[in-house]
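Here is a short report for a first look. Keep the sequence and the 3D view side by side while reading.

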Amino acid sequence: MSAKLGEILVRENLITPQQLREALDYQRNNGGRLGSNLIKLGIISDEVITAVLSRQYGVPSVNLELFEIDDETIKLISHEVAVKYTVLPISKVGPTLTMAMADPTNVFAMDDIKFMTGLNVEPVIASEAAIQVAIGEYYSSSKEMDIADVEIQDEFEKLSSRLAADGSQVVVGDEVQKLDQSDLDLSLDAYDFDAAEAEELEVVETDDEIDLAELAQASEDAPVVRLVNVLLVDSLRRGASDIHVEPYEKDFRIRFRIDGILYDIMHPPLKLRDALISRLKIMSKLDISEKRLPQDGRIKIKVKIDNRSRELDFRVSTLPTLFGEKVVLRLLDKEKLMLDMTKLGFEAESLEKFKRNVEKPYGMVLVTGPTGSGKTNTLYSALQSLNTPVTNIMTAEDPVEFNLHGINQVQMKEQIGLNFAAALRSFLRQDPNIVLVGEIRDFETAEIAIKAALTGHMVLSTLHTNDAPSTISRLVNMGIEPFLVATSVNLIQAQRLIRRICSECKEKQDIPVEAIVEIGFPEDEASEIEIFKGSGCSRCNNTGYKGRVGLFEVMEVTDELRELILIGASAIELRKKAIELGMITLRESGLAKIKDGVTTIEEVVKETVL
């Protein structure tokens, strides 16, 4: 920027080459921007520099002396941020914040401010000197807040140092309690969140709710606390399922997983890394002095929306990496838990098979698929349909994601010997009707689960396999005898999650008939099928997708399949026979969704094979 600005000024005869060399020498010795140094040396005026920069970047210039900026606009940006980036908020109209900047090419500044405020940033140019004078004028009443910011930062550092020194665990003492409660409130002034949408955010320690109005000042005094709060609420607002906080050598990145895809959201300053991660660990009741081992915790918050409190859980996992701890938060929003099986995406025939088999008095139903394919949601939906006053339902989960009324849920704790196998043994002495085992990982768990299924219990569980037929081979390879598998397993269901086309920007897509045939449609049907896609809009963040739907491959274990299992048939033979008997494969389930205009060809091809 400096050399280019100098060349422009010389070319327009606004300064001489000698004056440029003088300013560059001064810059080498004293630092600062070339434009500011030219002004300090009296070589050129403030107005001329601003006008040249405006032409150079194609951004309007402003005279800050002519503006009267209201307090609400100034509060959108903290004094620390204004000084750090040499910026000043001028006005807010709708979702757009007009920002005076000395360097309108500073994309890091605009990204940070966009995240902190939730507003679109429209830059205008003002001279560095004019912005600094205006910052001094408008933020003079904010000095106390800046001191508080430093004190909060020091408090984090002192707490971390003290715990690191004595190796003690985090306990809810007076000092930690102050950090954990009084600072966890959301400054809605610093975020474009309608008052009707959200009024409060708090760590849930008791059943009592804390009024945001009583805590507003405290949150404004804590930048790290405010950043974490905005992060948690923004994940809800964007419909994210996970938050990834990732430290690198020269970067600090935050990403959200939305509809199964990771999006880069923010790059906070690297100096905030330790404080932000410590804040998350304190809220999760983890040991902030332990940075060498992975830890798991939970954050529970309440958000008040339209005078109704919503309780949200964040499952927190920390993992030591080369440059600090990576933190992943899984948002567990009860309101997003779809317990109505008819809305999950089942084809009518597949749903009828699934419901018929989970309602049997005994046997085993297995749900398979990769992590994040919706297995837990499917099993919870099944349990909800079976949950009546006359049934005893017990679950062994790692971790327990949602609390379901009327169901006895047990959290696994490997460190004390409470694993799936141990829990399952105990369940059988608790007179259960239905047992859910979070995952069959080893021979011991599989053996006990199958024995339970053979002795009058309905067993639901999950495995990680690619499709339904290969699950049989997996169980046999674990060491389970084929005759036990054949007699105990009622049904195996494989599933995937794919993105739905956004209903707001859905439009017809022209695809060659050959390409439609290639993905699996019959030739006579391909020419009549209408293919859709999303063009991208504000509702779907210009992705063309909003929400997800399931693909299901339901294999009912009939007498014909049992005979094949008993003679040790391969997964390929089982698959061929199941298709003959009417099994809808994952690809066929996807083709049905394409035909109904629910999803795109790209999504189905990405998740399924012919």
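## Salt bridges

A salt bridge here is a side-chain nitrogen of Lys or Arg within 4 Å of a carboxyl oxygen of Asp or Glu. The model is predicted. By this rule it holds 27 salt bridges. Side chains of opposite charge can pair when their charged atoms come close.

Start with glutamate 246 and arginine 255. They form a salt bridge, and their closest N and O atoms are 2.7 Å apart. Glutamate 246 is buried, at 3% relative accessible area. Arginine 255 also counts as buried, since its 18% relative accessibility falls under the 20% cut-off. The pair belongs to a network of salt bridges that links Glu246, Arg253, Arg255 and Lys326.

In one, arginine 575 pairs with aspartate 467, with 3.3 Å between the closest N and O atoms. Arginine 575 sits in helix α23 (residues 571-580), while aspartate 467 sits in the loop between β15 and α18 (469-478), so the pair ties together parts 108 residues apart in sequence. Arginine 575 is partly exposed, with a relative accessible area of 21%. Aspartate 467 counts as buried at 17%.

In the other, lysine 595 pairs with glutamate 525, and the closest N and O atoms are 2.7 Å apart. Lysine 595 is in helix α24 and glutamate 525 in helix α21 (residues 523-526), so this bridge ties together parts 70 residues apart in sequence. Lysine 595 is partly exposed at 46% relative accessibility. Glutamate 525 is partly exposed too, at 24%.

## The seven-stranded sheet

Seven strands form an open sheet with mixed pairing. Their order is β13-β12-β14-β15-β11-β16-β19. The edges are β13 (408-411) and β19 (545-556). Each has a single partner strand, so one side of each has no neighbour in the sheet. From one strand to the next, the twist averages 20°.

Look inside the sheet at β14 (residues 434-437) and β15 (residues 458-463). These strands run parallel and are joined by four bridges. Leucine 436 stands opposite leucine 460 in β15. Helix α17 (residues 443-454) lies across β11 (363-368), β14 and β15, at about 135° to β11. Helix α24 (residues 586-595) also packs on the sheet. It touches β16 (489-501) and β19, and its direction makes about 140° with that of β19.

## The three-stranded sheet

An open sheet of three strands runs in the order β1-β2-β3, with mixed pairing. Strands β1 (87-93) and β3 (120-125) are its edges, and each pairs on one side only. Here the twist averages 30° from one strand to the next.

Strand β2 (residues 96-101) pairs with β3 in the parallel sense, over six bridges. Which residue in β3 is the bridge partner of threonine 96? It is asparagine 120. Helix α8 (residues 128-138) packs on this sheet and touches β1 and β2. The direction of helix α8 makes about 70° with that of β1.

## A nonpolar surface patch

Tyr248, Leu322 and Phe323 form a nonpolar patch on the surface. Together they have about 320 Å² of accessible area. Phenylalanine 323 lies in the loop between β9 (308-321) and β10 (324-333).

Key
Residues numbered from 1 in each chain as written. Predicted model: local features only at pLDDT ≥ 70, side-chain atom pairs only at ≥ 80, totals over all residues. Heavy atoms only, no water. Pairing = 2+ DSSP bridges. Helix = DSSP H or I, 4+ residues; strand = E, 2+ residues; numbered from the N terminus. Axes fitted to C-alpha atoms, helices over the stretch in contact; angles between N-to-C directions. Contact = heavy atoms within 4.5 Å. Patch = residues over 30% accessible without salt bridge, like charges linked within 9 Å, V, L, I, M, F, W, Y side chains within 5 Å. Areas by Shrake-Rupley, 256 points an atom, 1.4 Å probe, with all protein chains shown as cover. Buried < 20%, exposed > 50% of the residue type's maximum accessible area, 1.4 Å probe, protein only.
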